[in-house]
Amino acid sequence: MKTIFENAQKLAQKSPDTFYAPPAEELAAIMPGDCVKVCARGVPGEVMAERFWLLVHEIQGELITGEVNNNLLFHPLELGELVTVHTDNVYDIHTQTAGNT
């Protein structure tokens with residue numbers, strides 16, 4: 001099953017009073033060593049949507065490659081597996097420099 005990721009920016013535009021996504025300035029400041037939260041899209045009748053953390057390894061333009069940093073319950077992604085997402089998929093950021101990872 002190919003994993004599809006939710007677009008956090010579109011969700012924030014649709015529901016700005018109830019949903020937060022990081023602004024462009026914060027997304028542009030993501031660096032290797034930071035953690036970003038993303039959401040694997042659910043498949044009706046098969047699997048639920050699931051948010052999880054990626055430990056960022058590399059950034060190329062608006063693409064972020066990182067390793068799954070926690071166990072998932074509903075999706076087949078494995079702890080440590082490398083995944084590439086778009087910055088639009090980022091729900092939250094914990095920066096290495098803030099000591100939050």
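## Salt bridge

One salt bridge is counted in this predicted model, a salt bridge being a side-chain nitrogen of Lys or Arg within 4 Å of a carboxyl oxygen of Asp or Glu. The side chains of Arg41 and Glu6 form it, at 3.6 Å from N to O. Arg41 sits in the loop between β1 (35-40) and β2 (50-60) and Glu6 in the segment before α1, so the pair links parts that are 35 residues apart in sequence.

Arg41 is partly exposed at 36% relative accessible area, whereas Glu6 is buried at 18%. Buried means under 20% relative accessible area, exposed over 50% and partly exposed in between (1.4 Å probe, protein chains only).

## Val85

Val85 belongs to strand β4 (residues 82-86); strands are DSSP runs of E with at least two residues, and helices are runs of H or I with at least four, numbered from the N terminus. Val85 is buried, with 2% relative accessible area. Beyond neighbours within four places in sequence, Val85 contacts Phe5, Val38, Leu54, Glu62, Leu63 and Ile64, contact meaning heavy atoms within 4.5 Å.

## Confidence and basis

The mean pLDDT of the chain is 91, and 95% of the residues score at least 70; pLDDT is the predictor's confidence in each residue, from 0 to 100.

Residues are numbered from 1 along each chain as its sequence is written, and side-chain values use heavy atoms, without hydrogens and water. As the model is predicted, local features need pLDDT of at least 70 and side-chain atom pairs count only at pLDDT 80 or more, while totals for chains, interfaces and linings use all residues.
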